[in-house]
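Q: Hi! I have a protein structure open and I'd like to go through it with someone. Could you help me find my way around?

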Amino acid sequence: MGAALALARRGLGTSAPNPSVGCVIVRDGVVVGRGWTQPGGRPHAETEALDRAGPLARGATAYVTLEPCDHHGRTPPCSLALIAAGVARVVIACKDPDPRVAGRGIHRLREAGLAVETGLRAAEAHEVNAGFFMRILHGRPLVTLKLATTLDGRIAVHTGESRWITGETARSWGHGLRARSDAIMVGLNTALADDPDLTCRLPGLSGRSPRRVVVDSRLRLPLTSKLVRTARAVPTMLLTLPVLDGGRAQAYRECGVDIEEVAPDGAGVPDMAEALRSLGRRGVTRLLVEGGARVAASLLRAGLVDRLEWFRAPRVIGGDGLPAVVAFGVDVLGAAADFVRIGTREAGGDLMETYARRP
């Protein structure tokens with residue numbers, strides 16, 4: 001199952017809206033087939049592994065990170081494929097919450113006489129597909145807020161200079177986060193200040209660049225920005241308030257930019273909960289948020305940040321530096337956004353801390 005989980009992680013960032021699944025087929029103690037969900041969500045992991053195993057799948061055990069599907073879509077059900085191949089036993093890490101599956105795959109396998117076991121390394125399997133589960137159960141993607149700060153939580157000196165707070169290793173790991181995400185979001189101020197590409201620039205992974213999303217309430221992003229000029233090469237979306245200037249919106253669309261209108265919240269900016277539901281409807285399961293401080297505050301205030309990836313550089317700027325998150329109305333400690341640290345790694349001379357939202 002450990003090998004199957006490693007295979008499943010390969011598909012993160014490419015399999016949405018489908019889950020990323022890994023499958024390993026073992027016969028007489030030997031691995032005879034391996035597979036993982038292919039780009040676009042198909043072919044599925046089980047059929048990939050069965051194709052590689054061929055006739056050796058008969059009488060074998062299949063280790064699968066998620067319950068095999070049991071419905072007809074663009075591909076036949078994986079449960080039927082496992083039965084037809086003559087697999088004798090299926091070990092499943094966790095059940096699929098998709099209403100089209102939700103135990104039906106397990107029932108189908110058992111009904112056909114296969115031995116089925118569930119729950120092996122379920123927590124790890126759930127974490128791999130936490131974005132898929134979030135979209136199925138709550139209609140929105142899993143939100144990861146990535147911050148790169150000094151020890152005192154500053155992202156730049158008071159003049160705005162920020163390159164580079166963290167070192168090369170931390171920056172390359174940040175690009176790895178992009179490669180494993182379906183979409184990346186920034187606020188307008190970040191887009192104006194940095195004129196970023198928001199692409200994955202790791203060698204060999206340029207094709208893994210996620211959809212780019214800018215929170216731009218009043219369509220102020222310049223048509224000459226890199227994001228607009230490259231919108232036909234890398235999908236790009238502006239989240240905005242209901243459009244008042246139809247001509248401006250049309251100009252973006254002619255450049256290949258997608259315009260998504262979102263109703264305002266109480267502060268008169270796009271409602272982030274509705275914005276996330278909109279992304280969920282478009283199939284986004286994993287959203288990486290890279291700034292700025294106002295977008296981070298809006299998401300934290302609404303309780304919509306599920307993971308933190310915090311890169312800390314061993315530097316101190318002081319109170320006149322720019323904060324990673326602006327004020328978002330916390331008057332008592334009980335109202336603070338609360339997280340649990342689930343991992344710590346050294347990133348060259350920096351530190352990478354991973355947090356999950358406290359249940």
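**A chat about the structure**

A: Happy to! Let's start with Arg-121, which is partly exposed, with a relative accessible area of 37%. Keep in mind that this is a predicted model.

Q: Okay, and where is Arg-121?

A: Arg-121 sits in the loop between β5 (115-118) and α5 (122-128). Its phi is near 55 degrees, a positive value in a residue other than glycine.

Q: What about Asp-195, what is its phi near?

A: For Asp-195, phi is near 45 degrees, again a positive value in a residue that isn't glycine. You'll find Asp-195 in the loop between α8 (188-194) and β9 (211-215).

Q: Let's switch to prolines. Which residue does a cis peptide bond join to Pro-17?

A: That's Ala-16, and omega for this bond is about 10 degrees. Pro-17 belongs to the loop between α1 (2-10) and β1 (22-27).

Q: And which residue has a cis peptide bond to Pro-43?

A: Arg-42 does, with omega at about 0 degrees. Pro-43 lies in the loop between β2 (30-36) and α2 (45-53).

Q: Now cysteines! How many disulfides does the count come to?

A: The count comes to zero. Take Cys-23: the nearest cysteine sulfur, in Cys-78, is 8.5 Å away, and Cys-23 is in no disulfide.

Q: Is Cys-23 buried or exposed?

A: Cys-23 counts as buried, because its relative accessibility is 0%.

Q: Got it. Can we talk helices? How many residues are in α7?

A: Helix α7 (residues 168-179) has 12 residues. From its first C-alpha to its last it reaches 17 Å, close to the expected 16 Å.

Q: Which residues of α7 are buried?

A: They are Ala-170, Gly-174, His-175, Gly-176, Leu-177, Arg-178 and Ala-179.

Q: And what covers those buried residues of α7?

A: The cover includes several strands, among them β6 (142-150), β8 (183-187), β12 (286-289) and β13 (307-313). Strands β15 (339-347) and β16 (350-357) are part of that cover too.

Q: Next up, Ala-297. Which helix is it in?

A: Ala-297 is in α12 (residues 293-301). It is buried, with a relative accessible area of 2%.

Q: What does Ala-297 touch?

A: Leaving aside residues up to four places away in sequence, Ala-297 touches Val-325, Val-326, Ala-327 and Phe-328.

Q: How does the lining divide into nonpolar, polar and charged?

A: The lining of the largest cavity has five nonpolar, eight polar and two charged residues.

Key
Residues are numbered from 1 along each chain as its sequence is written. This is a predicted model: local features need pLDDT of at least 70, side-chain atom pairs count only at pLDDT 80 or more; totals for chains, interfaces and linings use all residues. Side-chain values use heavy atoms; hydrogens and water are left out. Helices (H or I, at least four residues) and strands (E, at least two) are DSSP runs, numbered from the N terminus. The expected span of a helix is 1.5 Å times one less than its number of residues. Buried means under 20% relative accessible area, exposed over 50%, partly exposed in between (1.4 Å probe, protein chains only). Contact means heavy atoms within 4.5 Å. A disulfide is a pair of cysteine sulfur atoms within 2.5 Å. Ala, Val, Leu, Ile, Met, Phe, Trp, Tyr, Cys and Pro count as nonpolar, Asp, Glu, Lys and Arg as charged, and the others, Gly among them, as polar.
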